[in-house]
Amino acid sequence: MAQYADIVEIVAPAQAPTGSRVDITVKVKNTYSSPIGIKVVGVPEYTSLPPGTYIDFPVESANVSPGEIFSFYGSFTMPDKTVTVHAYSYWYGADGSWYFDDEMTKPVGVSAAPQPSISDFHIVDYIKV
């Protein structure tokens, strides 16, 4: 268990098609007795991803009240192999530094892309020349 910024859950699909956007949510609870700054870093781990690839979290940090759970929403593009999502939480100290606190992982497998259906095709008007 974390000291102050406890990751309670990673919400992500069990599978996603290659090339699709994978939305994830990392839920972090402030276990400290006062409001604190909390941030999350997420890394999709797979050997073909470029080093330094991170999950994009538009909200990088938040001030979270004691006992409150804050949800960080992020996404990444699914490669052609299973990905293990690693989430890391940090809390902001009075000295102005961020301190690592907790981590959690969740796998996301590759699924087949859905087959196109006739409703996916559209007739477009054209002009004869």
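Asp 101 is buried (under 20% relative accessible area, where over 50% is exposed and values in between are partly exposed, computed with a 1.4 Å probe on protein chains only), yet Asp 101 has no salt bridge, and the nearest side chain of opposite charge, that of Lys 29, is 13 Å away. A salt bridge here requires a side-chain nitrogen of Lys or Arg within 4 Å of a carboxyl oxygen of Asp or Glu; Lys and Arg count as positive, Asp and Glu as negative, and His and the chain ends are not counted. The model is predicted: local features need pLDDT of at least 70, side-chain atom pairs count only at pLDDT 80 or more, and totals for chains, interfaces and linings use all residues. Residues are numbered from 1 along each chain as its sequence is written, and side-chain values use heavy atoms, with hydrogens and water left out.

Asp 101 is placed in strand β8; strands (E, at least two residues) and helices (H or I, at least four) are DSSP runs numbered from the N terminus. The side chain of Asp 101 reaches two backbone nitrogens, that of Gln 3 at 2.7 Å and that of Ala 5 at 2.5 Å. Such polar contacts are pairs of N or O atoms within 3.5 Å; within protein, one atom must be able to donate a hydrogen and the other to accept it, and residues adjacent in sequence count only if both atoms are side-chain atoms. When neighbours within four places in sequence are left aside, Asp 101 is in contact with Ala 2, Gln 3, Tyr 4, Ala 5, Ser 89, Tyr 90 and Trp 91, contact meaning heavy atoms within 4.5 Å.

Two of these contact partners, Tyr 4 and Trp 91, also take part in aromatic pairing. A search of the whole structure finds seven aromatic pairs. Rings of Phe, Tyr and Trp (its six-membered ring) pair if their centres lie within 6.5 Å; planes under 30 degrees apart count as stacked, over 60 as edge-to-face and the rest as tilted. Tyr 4 and Tyr 32 form an edge-to-face pair, with 4.7 Å from centre to centre and 75° between the planes. This pair links distant parts of the chain, since Tyr 4 is in the segment before β1 and Tyr 32 in the loop between β3 and β4, 28 residues apart. Tyr 32 is partly exposed, with a relative accessible area of 34%. Tyr 4 and Trp 91 likewise form an edge-to-face pair, at 4.7 Å centre to centre and 90° between the planes. Here Tyr 4, in the segment before β1, is linked with Trp 91 in strand β7, 87 residues apart. Both Tyr 4 and Trp 91 are buried. Ring pairs link Tyr 4, Tyr 32, Trp 91 and Tyr 99 into a cluster.

In contrast to Asp 101, which has no salt bridge, other charged residues are paired, and a search of the whole structure finds two salt bridges. In one of them, Glu 9 is joined to Lys 27, with the closest N and O atoms 3.5 Å apart. Glu 9 lies in strand β1 (residues 5-11) and Lys 27 in strand β3 (residues 21-30), so this pair ties together parts that are 18 residues apart in sequence. Glu 9 is partly exposed at 35% relative accessible area, and Lys 27 is partly exposed at 26%. Arg 21 forms a salt bridge with Asp 23, their closest N and O atoms being 2.7 Å apart. Arg 21 is exposed, with a relative accessible area of 62%, whereas Asp 23 is partly exposed at 42%.

The largest nonpolar core has 25 residues, and those with the most contacts inside it are Ile 24, Val 26, Val 28 and Phe 76. The elements giving two or more residues to this core are β1, β3, β4 (36-45), β5 (61-64), β6 (69-77) and β7 (83-92). Such a core is a set of buried Ala, Val, Leu, Ile, Met, Phe, Trp, Tyr and Cys residues joined through side-chain atoms within 4.5 Å. Beyond its neighbours within four places in sequence, Ile 24 is in contact with residues including Val 11, Ile 55, Phe 57, Phe 72, Phe 76 and Val 85.

Overall, the protein chain has zero helices and eight strands. Buried residues make up 34% of its 129 residues. Among contacts between residues at least 6 apart in sequence, 65% join residues at least 24 apart.
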